[in-house]
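Please keep the model open as you read, and look up each residue as it comes.

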Amino acid sequence: MLAILNDQNLREFFTVLTFPVYNLNNFDDFPIPFRAMATDIVNGKQVVLDHGSLVTAMRASMSIPGVFKPVDYKNTLLVDGGVLNNFPVDVAKEMGADFNW
């Protein structure tokens with residue numbers, strides 16, 4: 001798939017940034033629980049990444065079609081989650097987020 005930017009340097013940068021949690025596979029085990037949103041462009045579905053490689057999750061969730069190539073993930077291709085869910089408040093609420101005025 002055609003993309004403007006190669007992601008090798010970006011992946012290396014993310015690897016350095018996320019080194020303190022490289023051995024954690026469950027994103028609930030981070031000091032602040034985390035979810036990355038991606039879109040499966042093969043099946044047209046939203047994917048909530050909550051475990052596995054943090055670098056892969058971060059990279060997939062920012063893969064703007066045409067700018068960065070999609071991320072290979074479990075026999076599919078992932079791009080930015082904003083393609084299907086631009087403001088994933090539902091995912092934050094499922095994690096227990098609450099906001100009161």
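The points below go from the ground rules to the helices, then to the strands, a salt bridge and a loop.

1. **Ground rules.** This is a predicted model, in which local features need pLDDT of at least 70 and side-chain atom pairs count only at pLDDT 80 or more, while totals for chains, interfaces and linings use all residues. Residues are numbered from 1 along each chain as its sequence is written, and side-chain values use heavy atoms, with hydrogens and water left out.

2. **How two helices pack.** Two packed helices are described by the angle between their axes and the distance between the axes. For α1 and α2 the angle is about 130° and the axes are 9 Å apart; axes are lines fitted to C-alpha atoms, for helices over the stretch in contact, and angles run from 0 to 180 degrees between N-to-C directions. The two helices are therefore oblique to each other (under 35 degrees is roughly parallel, over 145 roughly antiparallel, 65 to 115 roughly perpendicular, and the rest oblique). Helices here are DSSP runs of H or I with at least four residues, strands are runs of E with at least two, and both are numbered from the N terminus.

3. **Who meets whom.** On the α1 side, L10, R11, F14 and T15 are in contact with V55, T56, M58 and R59 of α2, where contact means heavy atoms within 4.5 Å. L10 is buried at 19% relative accessible area; buried means under 20%, exposed over 50%, and partly exposed in between, with a 1.4 Å probe and protein chains only. Although L10 and R59 are 49 residues apart along the chain, their C-alpha atoms are separated by 8.1 Å. L10 also touches M62 and F68.

4. **Helix α2.** This helix covers residues 54-61, and its buried residues are L54, V55, A57, R59 and A60. Their cover includes α1 (8-17) and the strands β1, β2 (45-49), β3 (71-73) and β4 (76-80).

5. **T39 in β1.** Strand β1 spans residues 36-40 and holds T39, which is buried at 2% relative accessibility. Among the residues T39 touches are K45, L77 and D80.

6. **D80 in β4.** D80 belongs to strand β4 and is partly exposed at 23% relative accessible area. A polar atom of its side chain lies 3.1 Å from the backbone nitrogen of G82. The contacts of D80 include M37, T39, A60 and M62.

7. **How many salt bridges are there?** A search of the whole structure finds one, joining the side chains of R35 and D28 at 2.8 Å, N to O. The term requires a side-chain nitrogen of Lys or Arg within 4 Å of a carboxyl oxygen of Asp or Glu. D28 is partly exposed at 40%.

8. **The loop between β3 and β4.** Most residues other than glycine have a negative phi. K74, in this loop, has a positive phi of about 45° and is exposed at 60%. N75 is also in the loop; its phi is positive too, near 65°, and N75 is exposed at 84%.

Technical notes. Polar contact = N/O pair within 3.5 Å; in protein donor to acceptor, adjacent residues only side chain to side chain. Lists of a residue's contacts leave out its neighbours within four places in sequence.
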